[in-house]
Amino acid sequence: MTKQIILNAFDMNCVTHIVAGTWRHPESQARRYKDIEYWTDLAKVLEKGLFDGLFIADVLGIYDVFGGGPETALRTGAQVPVNDPLLVVPAMAAVTKHLGFGVTAATSFEHPYSFSRRMSTLDHLTKGRVGWNIVTGYLESAARNHGLDTITPHADRYDIADEYTEVLYKLWEGSWEDDAVGADPNRAEYADAAKVHPINHEGTHFRVPGIHLCEPSPQRTPVLYQAGASSRGRQFGAENAEVIFIGAPTKDVLREAVADIRTRAAAAGRDPYDVKIVNSHVIVTGETESVAQARYDEFRSYTDPQGALALWSGWLGTDLSRFDLDDPVEVTDNEFLKSSVEMFGQGQWTLRDFIDAHAINVDGAMAVGSPQQVADDLQEWVEETDVDGFNLTNVITPGTFVDVAEHVIPELQRRGAYKTEYTEGTLRHKLFGRGPRLPETHRAANYRHVTQEVSA
């Protein structure tokens, strides 16, 4: 049986997400990111194309490492200015029925008690179509502007995330029993106080004595996404995540990462395939190979090397402005994005070569070609690495996603590798086919008071 591929659109609530400079392309609508119509129009495009979800990235700081300040990031629009990803979701949910929404929020900069309410609210408003991309944060500027002297060390950030998610699981899964609320007008009371429990959490980093503020939402716990690629990040993902996002540039790197994550998930008592793994991918396509290549060449002419260097300096925690273009670049291990340091290498790239190679496929892999060629490429990655699907980075928005919906998805459908209609139900049910709740093998299930079978 041909494996069904997952496709998410990858975007951010800003003018430049990953591919710097292409917001200036005449087809790009990225500068409309401030308009609610941009997001509702995008959601309609994605649902019409049967995308599984929209994955929205976020940062709470500015890329101020390159050149020692924020000027380059500001000039190039490199993830600044940036708006809140959660606030656009209800409007998109109102104009769609099936599209999932994965929103990014860091465990380092918001208390779990208030965050639990924000996500439960979104789960209610979307009728169970929301997921949380768990990140720990990596920008020094974000730490400073949240009152910290410096970014918390990498291992400590994951220790905090372990307790952060524990608090959330207690609130989402254990505070309200399944039948604590009844909206029947003949019922004397709205909530049965005996079935609403304070969580009494006393931990190393958080103290939360009370109850969850929200009644149980369709999924209770949103679908859990995660993108940490370091060894510690993979372990956290294997224990918690349902969808893991990787940025592997080659099949060999991805194959090793997928196998490692599935092994870790099994060791944590989970089914290895209870974790869906998606890789970053850029697609440039058109009716024919020559049309796709011409489109790629045109996009390349709009890319902005300075914007790319501002982003990479932030990801690496290293000021790349200190290197000449033909210098071999070496970056030392740091407390920022350890996985990016590994990808960049130690002296195997000159800065010029790196900019040229990663002008568009900044993180992950790339396919340029006809619908048949792109479909071949995606299926080869799936078959050779055991990956479940792809997060598709836009080169221009929404044009990249429109091209995929019009050209690539129909070709995958003809091959039996992509759905022809949505499954009814919540995002979790669409992904796993067994209802809206986390399985009993998940860590969160340890905090439940009552577990009942609930329809999707």
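Helices (H or I, at least four residues) and strands (E, at least two) are DSSP runs, numbered from the N terminus. This is a predicted model, in which local features need pLDDT of at least 70, side-chain atom pairs count only at pLDDT 80 or more, and totals for chains, interfaces and linings use all residues. Residues are numbered from 1 along each chain as its sequence is written, and side-chain values use heavy atoms, with hydrogens and water left out.

**Figure 1. Two cis prolines sit in loops.** The peptide bond running from V80 to P81 is cis, and its omega is near -5°. P81 itself belongs to the loop between α2 (71–76) and α3 (89–94). The other view has T397 and P398, also joined by a cis peptide bond, with omega about 0°. Here the loop is the one between β13 (389–393) and α14 (399–414), which is where P398 is placed. For background, most residues other than glycine have a negative phi, and most peptide bonds are trans.

Figure 2. L50 isn't a glycine, yet its phi is near 65°. You'll find L50 in the loop between α1 (36–48) and β2 (53–57). With a relative accessible area of 12%, L50 is buried; buried means under 20% relative accessible area, exposed over 50%, and partly exposed in between (1.4 Å probe, protein chains only). K127, again not a glycine, has a positive phi of about 60°. Its loop runs between α4 (112–125) and β4 (130–135). K127 is exposed, at a relative accessible area of 66%.

**Figure 3. F101 is buried in a strand.** F101 is part of strand β3 (residues 100–106). Its relative accessibility is 0%, so F101 counts as buried. Setting aside neighbours within four places in sequence, F101 has contacts (heavy atoms within 4.5 Å) that include L54, V89, M92 and L427. T126, R129, V130 and G131 are also among the residues F101 is in contact with. For a sense of scale, the C-alpha atoms of F101 and H442 are separated by 21 Å, with the two residues 341 apart along the chain.

**Figure 4. S280 is a buried serine.** Strand β9 (residues 276–285) holds S280. At 1% relative accessibility, S280 counts as buried. Who is in contact with S280, once neighbours within four places in sequence are left aside? The partners are F245, I246, G247, D363, G364, A365, N391 and T393.

Figure 5. E411 lies in helix α14 and is buried, with a relative accessible area of 9%. Not counting residues up to four places away in sequence, E411 touches P371, Q372 and A375. S114 belongs to helix α4, and its relative accessible area of 33% makes it partly exposed. Between the C-alpha atoms of S114 and D41 there are 30 Å, the residues being 73 apart along the chain.

**Figure 6. The largest nonpolar core has 75 residues.** A nonpolar core here is a set of buried Ala, Val, Leu, Ile, Met, Phe, Trp, Tyr and Cys residues joined through side-chain atoms within 4.5 Å. Which residues touch the most other members of the largest one? They are L7, F51 and W132. Another core, of 47 residues, lies apart from it, and I62, Y63, A106 and V278 are among its members. In soluble globular proteins, nonpolar side chains tend to be buried together.

Figure 7. Of the 456 residues, 58% count as buried. Take the contacts between residues at least 6 apart in sequence: 75% of them join residues at least 24 apart.
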